[in-house]
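Me: I am new to this structure and would like to learn how to read a few of its features. Could we take them one at a time?

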Amino acid sequence: MSTAINTDNIQSQMKKGLLEYCILSIIGRGEAYPSDIAAELKEAGMQILEGTLYPLLTRLKNSGYLDYRWVESTGGPPRKYFTMTDSGKEFYHQLDATWTEISSAVQKIIQKNQSN
Amino acid sequence: MEKIIQINYQNRNISIEENAYTEFQQYEEELKNYFSKEESGDEIMTDLKNRMAEILEEKLNAGSAAITLEDIQQLKANIGNPSDFDQDEHTSTSSTNEESTKQAPFEKKRLFRNKFKNERVIAGVCSGLAHYFSIDPIAVRIIFVLVTLFNMASFFSFNLGILTYIILWVVLPQEYAKNNISHKLFRNSKDKVVAGVCSGLAQFFNLETWIIRSIFLVPLLIHIFASHSPFKFHFLGTSLGSLMFVIYIVLWIITPIAKSSTDFMLLKGEPINLSTIQNPISMQTVNRDAKSTTNSFFKYFAYLLIIVALIVFIPTCFGFLFVSFLTFNIANVILHTALLKTLGWLAITLIFALPILAVLTWLIRKLAGFNRPSPVLRSMFFILWIVGIFSGLFVAVSLINNMKAFVKSDKTYNLNPTSDTLYVKPINPTTTTSQNVFFDASNFNDVINVTTTDIDIKGVDLRCKASGADSAYMVVRRYSFGKNAEDANQNAEVFSFEPRIEGNTIYLPNSIHFPKNRAYRGQNVRVTIYVPTTKTVIISEDLKKQLKYRFNANKRGFYVSSRDFDEDDDMIHFGKHKGFNITIDEDDENDDVIRMKDREKAEIQEEINENIQDANVELEEAKRNLEDSKREAQRQIEDAQKELDRAQKEAQRKLDEANRKLESKK
């Protein structure tokens with residue numbers, strides 16, 4: 001399994017690695033409701049199942065990067081909204097730096113390819 | 001149109017179609033099962049439940065009357081299936097989890113009992129096995145039931161099917177099955193000849209339709225063909241043909257017809273119905289975990305009662321049905337009017353065959369996953385059964401009325417035997433023995449023989465008694481039942497039984513003979529032959545074979561069995577009765593002989609023997625004397641011969657001397 005390289009695997013690995021970065025990025029803008037996060041990701045072209053999103057959020061919350069609060073909703077029970085903690089912000093900045101680094105590196109390599 | 005139920009889910013009121021709710025519950029259980037492995041699984045689950053409730057509510061707020069199966073499918077597409085999470089999880093968390101990813105396929109192959117309530121019948125053993133082997137649970141259930149029934153039929157001391165089930169029940173862990181493929185049998189409306197049962201079965205088992213059709217049709221054709229041919233296998237054809245017919249009818253009754261495209265997908269077991277409705281669940285079952293423990297005890301107790309009832313009741317019904325059809329001829333002769341015949345057979349069929357059919361229907365419905373009781377079927381079976389009971393009662397009462405009185409009438413024939421031996425022979429010397437392929441039913445059917453115009457009944461019983469006098473005679477006693485004495489007397493005279501007496505031989509008919517328009521009312525004939533003790537009666541083997549009680553016969557003959565002779569009737573008791581010496585001639589192949597000999601006879605024989613011996617001695621002496629005198633005579637003859645010789649020689653000498661004298665004188 002570790003030796004086999006197939007497109008599906010690499011694609012989902014790339015996606016999965018960036019998923020947490022994207023989610024943190026969205027929540028970093030302000031309080032977010034999971035289904036809104038899913039909707040935004042979907043809109044941007046990053047497909048995610050809500051069944052995968054919730055465990056991910058819970059894990060980030062347990063690691064101390066996220067917090068949540070209950071927000072009253074109209075005609076239903078309160079909804080769980082996620083916010084970023086200070087350590088979450090720090091973590092996000094690390095990821096952000098890494099991403100900028102990687103993406104510019106990748107960009108440079110790809111540009112050379114394209115100019116040839 | 002599906003039934004709509006109201007549920008309260010995560011504090012939201014949701015109207016949902018029943019089948020959609022079943023689907024939803026199953027999905028929820030799958031999720032719960034999946035996230036239970038996760039660290040903070042409960043929290044994730046609560047979040048997801050809230051979210052799902054929200055989605056459903058939004059759907060209703062958007063104008064839907066109720067949540068449909070399609071809505072649930074859509075919800076599942078949004079949230080995702082646990083199998084999809086699996087893939088995501090393990091690829092995201094890279095190297096550390098790779099080993100467990102590797103093991104995932106093996107984990108799926110574990111044997112367990114299925115925990116899903118709506119996928120199991122008793123304890124989920126069959127369903128679990130089916131998942132393990134990736135086959136249809138119904139197939140496993142049918143195999144279990146067949147093994148159990150065959151075991152029951154062969155009367156082993158333990159039951160392999162039940163034992164295996166209980167062991168698996170105890171040993172296997174309980175788990176929620178993943179990737180349930182459920183399958184439901186429908187009748188195929190698109191491709192049908194009679195009711196679409198065959199093509200439905202074919203789709204269900206993924207076979208060609210013509211194979212299933214021939215399985216049903218061939219035994220039936222054999223039945224039709226064989227009943228008009230001299231071949232002996234019609235019994236096989238008949239039973240198999242009618243069995244397949246019954247199965248077809250049962251399937252016709254219990255199986256719904258496939259109409260919608262979902263039905264057809266269910267029929268083929270296509271993956272759209274990952275978790276379909278097998279068990280309609282009502283609102284109360286939301287809190288089922290609390291209730292089910294107390295309920296299940298009563299449920300299993302009820303199952304136990306039902307199984308015991310089946311073991312006792314069903315074979316009894318089979319037995320009665322079997323005997324009824326074996327005695328078909330007799331029953332038809334007793335039930336004399338068309339009304340009684342119809343009602344009688346209706347009663348037998350309804351009383352005994354209906355419970356078998358009902359149990360079969362129940363079993364098949366249960367196996368096929370129809371857990372909803374069918375009040376229509378139930379009341380239909382019940383009403384028909386009551387109809388059967390009432391027709392049975394009617395027939396019984398009218399028969400009792402027709403057999404109230406009992407009469408017997410005697411007719412005496414004088415026998416004037418010219419010798420010491422009397423022979424009893426059948427009028428018609430040929431014995432007909434019908435050979436059945438599977439078992440010997442001749443005991444039932446030989447008793448009665450119905451031709452197009454007449455009925456022969458082997459109601460003849462033959463006995464011998466000591467007459468106590470020098471005369472020999474025969475009494476023919478006729479018995480009969482009837483409505484009243486007059487009717488009974490008429491019944492006693494209506495049949496013919498004419499013995500013929502020729503010298504020392506009595507010819508007896510082996511049966512009593514009726515015109516066909518008369519009903520049989522227990523008519524019977526007893527022939528008793530009274531002979532002096534000095535006579536010997538020989539009953540021919542032919543007759544013995546033909547008579548009614550032949551199957552009670554022992555080696556010594558039926559007519560001396562204890563059944564026919566009793567002490568106070570001064571009957572001949574075997575070896576006990578004074579003055580008689582009954583012997584069976586073992587060497588004689590054809591006749592069993594009873595000789596009634598006087599002791600004197602033996603004495604005379606002895607005397608004669610002595611006389612013969614004396615005579616022989618005398619004869620011997622005479623012979624010796626004769627020999628002696630013969631020898632004496634021989635000696636005398638020889639002496640005389642010698643004398644004669646001597647005299648001749650003397651005479652010759654004298655003659656010679658005289659001649660010489662004459663010569664010299666000359």
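Me: Is Thr22(B) buried or exposed?
Reply: This is a predicted model. Residues under 20% relative accessible area count as buried. Thr22(B) has a relative accessible area of 0%, so Thr22(B) is buried.

Me: Where does Thr22(B) lie, and what does its side chain reach?
Reply: Thr22(B) belongs to helix 1 of chain B, residues 18-35. Its side chain reaches the backbone oxygen of Glu18(B) at 2.9 Å.

Me: At what angle do helix 1 and helix 3 of chain B pack?
Reply: Angles under 35 degrees count as roughly parallel. Helix 1 of chain B packs against helix 3 (residues 69-79) of chain B at about 20°, and their axes are 8 Å apart. That angle makes the two helices of chain B roughly parallel.

Me: Which residues make the contact?
Reply: From helix 1 of chain B come Asn19(B), Ala20(B), Glu23(B), Phe24(B) and Tyr27(B). Helix 3 of chain B supplies Leu69(B), Ile72(B), Gln73(B), Leu75(B), Lys76(B) and Ile79(B). By class, this contact between helix 1 and helix 3 of chain B has 7 nonpolar, 2 polar and 2 charged residues.

How values were computed:
Residues are numbered from 1 along each chain as its sequence is written. Chains are lettered from A and ligands numbered from 1 in the order in which they are written. This is a predicted model: local features need pLDDT of at least 70, side-chain atom pairs count only at pLDDT 80 or more; totals for chains, interfaces and linings use all residues. Side-chain values use heavy atoms; hydrogens and water are left out. Helices (H or I, at least four residues) and strands (E, at least two) are DSSP runs, numbered from the N terminus. Buried means under 20% relative accessible area, exposed over 50%, partly exposed in between (1.4 Å probe, protein chains only). A polar contact is a pair of N or O atoms within 3.5 Å; within protein, one must be able to donate a hydrogen and the other to accept it, and residues adjacent in sequence count only if both atoms are side-chain atoms. Axes are lines fitted to C-alpha atoms, for helices over the stretch in contact, and angles run from 0 to 180 degrees between N-to-C directions. Angles under 35 degrees count as roughly parallel, over 145 as roughly antiparallel, 65 to 115 as roughly perpendicular and the rest as oblique. Contact means heavy atoms within 4.5 Å. Ala, Val, Leu, Ile, Met, Phe, Trp, Tyr, Cys and Pro count as nonpolar, Asp, Glu, Lys and Arg as charged, and the others, Gly among them, as polar.
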